[in-house]
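Here is a short briefing on one protein model. Look over the sequence and the structure first, then read the points below.

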Amino acid sequence: MITISVIGLDQYVVGHYSKQHSKNLAALFETSEDNISFIAPDCYIFHNGVEQTSWNSIVRVTAPRQFEKLEANVAKYLLKTLKQFSINIRVEFFYFDKNHCYEFVNNEYPHFIKEENVVNVEEGELEEGEEIYDGNIFEEFAPELSKKEEGGHCHCHDDCDCDDDCDCDCDCDCDCDCDCDCGDDCDCDDDCDCECSCHHKH
């Protein structure tokens, strides 16, 4: 397996590049296209704190040592074809002994996802009889979400959301005559009197 990592270029650019150039690179490496894979890391190159994306790019080729003799032509090709995407490019080669490479391939599935075995699912299409719901699916929970219960006491908000346990109804209004305002959480007691001199009007 030959892996070509491209750092400092947009991931979609690398994906498009791999589609266009894998065949030629495989020919230069004198191997099958199935042995060529690209990596587009989600990372950036920085120099003195300044991002270098699409200005400076680093290409790292990792391959079995048997391909070392072919690196000059591969490097020349990479530099030539990638210069349309980056101002400056550096190509580095790393080799490993095949005896130190381990792989598992599940033969029940294709080795690679390819265009011919991708299932395209159309988005946005409704089944017959289906309609798009544009309402508030949490509407029925709104009263519960707007109140908090602590120790049997309800909390008074802008709309004085008291429940029957507080002997209040939702028609009451809050009136505060201290530092708290109607947006604060004023604890109501059973007589509908709130703490911090915040009272309910019925």
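Among contacts in the protein between residues at least 6 apart in sequence, 65% join residues at least 24 apart. Contact means heavy atoms within 4.5 Å. This is a predicted model, in which local features need pLDDT of at least 70 and side-chain atom pairs count only at pLDDT 80 or more, while totals for chains, interfaces and linings use all residues. Residues are numbered from 1 along each chain as its sequence is written, and side-chain values use heavy atoms, with hydrogens and water left out.

**Overall build**

- The protein has three helices and eleven strands. Helices (H or I, at least four residues) and strands (E, at least two) are DSSP runs, numbered from the N terminus.
- Starting at the N terminus, the order of elements is β-α-β-β-β-β-α-β-α-β-β-β-β-β.
- Of the 202 residues in the protein, 30% are buried. Buried means under 20% relative accessible area, exposed over 50%, and partly exposed in between (1.4 Å probe, protein chains only).

**Helix 1**

- How far does helix 1 span between its end C-alpha atoms? The span is only 24 Å, whereas a straight helix of 19 residues would span 27 Å at 1.5 Å a residue. The expected span is 1.5 Å times one less than the number of residues.
- Helix 1 bends by about 55 degrees at His21. The bend at a residue is the angle between axes fitted to the seven residues ending there and the seven starting there.
- His21 is also buried, and so are Val14, Tyr17, Ser18, Ser22, Leu25, Ala26 and Phe29 of helix 1.
- The cover over these buried residues includes strand 1 (2-7), strand 2, strand 5 (56-64) and helix 2 (71-82).

**The largest pocket**

- The largest pocket holds about 620 Å³ of space.
- It is lined by 19 residues, and the closest to its centre are Ser18, Lys19, Ser22, Ile113 and Lys114.
- Helix 1 (11-29) and strand 2 (36-39) are the elements that give two or more residues to this lining. Helix 1 gives the most, with seven residues.
- By class, the lining has seven nonpolar, five polar and seven charged residues. Ala, Val, Leu, Ile, Met, Phe, Trp, Tyr, Cys and Pro count as nonpolar, Asp, Glu, Lys and Arg as charged, and the others, Gly among them, as polar.
- On a 1 Å grid over the protein atoms alone, a pocket is an open set of points where a 1.4 Å probe fits, with protein on both sides within 12 Å along at least five of seven lines; lining residues have an atom within 4 Å of a point. Grid points are joined across faces, edges and corners, and a volume is the space filled by probe spheres set on the points.

- Gln52 lies in the loop between strand 4 (50-51) and strand 5. Gln52 is buried, at 11% relative accessible area.
- Leaving out residues up to four places away in sequence, Gln52 touches Ile45, Phe46 and His47.
- Asn88 belongs to strand 6 (residues 88-96). Asn88 is partly exposed, at 35% relative accessibility.

**Positive phi values**

- Glu30 sits in the loop between helix 1 and strand 2. Its phi is near 55 degrees, a positive value in a residue other than glycine.
- Asn48 is in the loop between strand 3 (46-47) and strand 4. Asn48 is not a glycine, yet has a positive phi of about 50 degrees.
- Buried or exposed: which is Asn48? Asn48 is exposed, with a relative accessible area of 73%.
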